[in-house]
Amino acid sequence: MTALRGITRIVLFVRIAALARILTPRDFGVFGIAALVLAFLEIITETGINVFLLQKKEIEKYLESAWLISIIRGFIIGLLIYLSVEPVSVFFKSPDVRPLLYLAALIPVIRGFINPATVKFQKDLFFGREFTFRMSLVVVETLATIYFAFINASAISLILGMLVSAVFEVVVSFIFIKPRPKLVVDTTHVKEIVSSGKWVTGYGVFNYLFTQGDNVVVGRILGESPLGLYQNAYKISTLPLSEVNDIFYRTTFPIYAKMSDRPKDLKEIVKKHFLVVSFLLLVGGVVLYLFATQIVLIVLGPAWTSAIPLVKALS
């Protein structure tokens with residue numbers, strides 16, 4: 001699993017390195033605004049479907065209801081993005097973000113049709129299959145984004161890459177993952193899923209404020225180019241946090257769920273989890289601080305030297 005995660009990260013670095021030499025910080029900033037809107041609307045409409053399915057021993061009977069909720073949610077998010085185009089462009093003083101938002105409205109609509117059974121990879125601890133599936137999505141999005149960037153060299157290529165990836169994920173989830181859901185309405189299951197998801201929604205809102213609040217402030221006050229610089233510096237400097245935390249979360253969450261009736265054992269595992277993650281983050285942060293200049297020049301290129309002090313501070 002770690003090897004697959006490493007390959008995925010290499011692909012992402014290749015994408016950033018290639019795009020940073022084609023697109024400008026302003027292009028990244030414009031895309032960043034569109035991504036902020038998409039992420040916010042996805043969070044406030046979060047239903048917690050994956051978490052709900054992870055906690056159920058038999059997910060098959062909930063699959064149809066979960067898929068129906070996902071589809072409805074996708075259309076709601078798409079409509080909200082469409083309606084937010086003008087207010088967002090005015091708030092961030094960015095007329096260039098409008099075409100990106102109109103296209104971005106299609107992404108949640110497409111994603112809504114993804115087969116919810118993909119959660120079985122994580123539930124059944126098939127981490128190899130999980131990361132192979134996720135890595136294929138990253139590769140497809142990377143190739144599509146770079147291709148579109150070479151053609152038009154604009155921020156819209158990043159949205160087009162996300163659209164291609166969304167379509168690919170829907171297709172793959174139905175071809176290679178079983179069972180396949182059907183559009184069946186079961187009001188009892190729908191209410192149960194939605195009711196349990198309110199806590200996930202609450203967590204998501206606070207997590208969004210924690211992880212994206214700074215981006216909103218930078219984009220609103222400083223503008224598109226500084227936002228592009230800041231976001232790429234942030235991605236590099238928080239690499240240990242995102243990578244280590246994501247790996248441990250995906251591997252331990254299903255285990256924690258299965259040990260919910262053994263609180264003493266669970267407590268000991270949480271302690272070990274905390275100590276190991278803290279040590280790895282400390283080491284990663286020190287390395288990033290000491291080699292910030294070399295990392296920025298290798299990953300982003302000489303046109304992004306303004307990001308070096310940001311990487312040091314954020315690390």
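One caution first: the model is predicted.

Let's start inside. The largest nonpolar core has 48 residues. Which of them touch the most other members? Leu101, Ile159 and Leu300 do. By element, helix 2, residues 25–44, gives the most to this core, with ten residues. There is also a second, separate core of six residues. Leu63, Ala117, Leu137 and Ile177 are among them.

Stay with leucine 300 for a moment. Leave out residues up to four places away in sequence, and leucine 300 touches Ile16, Ala20, Arg21, Asn232, Ile236, Ile295 and Ala307.

Now the surface. Look at helix 14, residues 263–290. Leucine 282 lies in that helix. Is leucine 282 buried or exposed? Its relative accessible area is 57%. The cut-off for exposed is over 50%, so leucine 282 is exposed. Leucine 282 also belongs to a nonpolar surface patch.

Next, backbone angles. Most residues other than glycine have a negative phi. Here are two with a positive value. Lysine 93 has a phi of about 55 degrees. Lysine 93 sits in the loop between helix 4 (60–91) and helix 5 (97–104). At 61% relative accessibility, lysine 93 is exposed. Alanine 153 has a phi of about 50 degrees. Its place is the loop between helix 8 (127–152) and helix 9 (156–175). Alanine 153 is partly exposed, at 39% relative accessible area.

Last topic: aromatics. How many aromatic pairs does a search of the whole structure find? Eight. Take phenylalanine 75 and phenylalanine 113. Their ring centres are 6.2 Å apart, and their planes stand at 80 degrees, so this pair is edge-to-face. Phenylalanine 75 is in helix 4, while phenylalanine 113 is in the loop between helix 6 (106–111) and helix 7 (120–123). The pair therefore ties together parts that are 38 residues apart in sequence. Phenylalanine 75 is partly exposed, at 45% relative accessible area. Phenylalanine 113 is partly exposed too, at 30%.

Another edge-to-face pair is tyrosine 147 with phenylalanine 148. Here the centres are 5.4 Å apart and the planes are at 65 degrees.

Finally, ring pairs link Trp67, Phe75, Phe113 and Phe174 into a cluster.

Key. Residues are numbered from 1 along each chain as its sequence is written. This is a predicted model: local features need pLDDT of at least 70, side-chain atom pairs count only at pLDDT 80 or more; totals for chains, interfaces and linings use all residues. Side-chain values use heavy atoms; hydrogens and water are left out. Patches are made of residues with over 30% relative accessible area and no salt bridge: like charges are joined within 9 Å, nonpolar side chains (Val, Leu, Ile, Met, Phe, Trp, Tyr) within 5 Å. Accessible areas come from the Shrake-Rupley method with a 1.4 Å probe; for residues, only the protein chains shown count as cover. A salt bridge is a side-chain nitrogen of Lys or Arg within 4 Å of a carboxyl oxygen of Asp or Glu. Helices (H or I, at least four residues) and strands (E, at least two) are DSSP runs, numbered from the N terminus. Buried means under 20% relative accessible area, exposed over 50%, partly exposed in between (1.4 Å probe, protein chains only). A nonpolar core is a set of buried Ala, Val, Leu, Ile, Met, Phe, Trp, Tyr and Cys residues joined through side-chain atoms within 4.5 Å. Contact means heavy atoms within 4.5 Å. Rings of Phe, Tyr and Trp (its six-membered ring) pair if their centres lie within 6.5 Å; planes under 30 degrees apart count as stacked, over 60 as edge-to-face and the rest as tilted.
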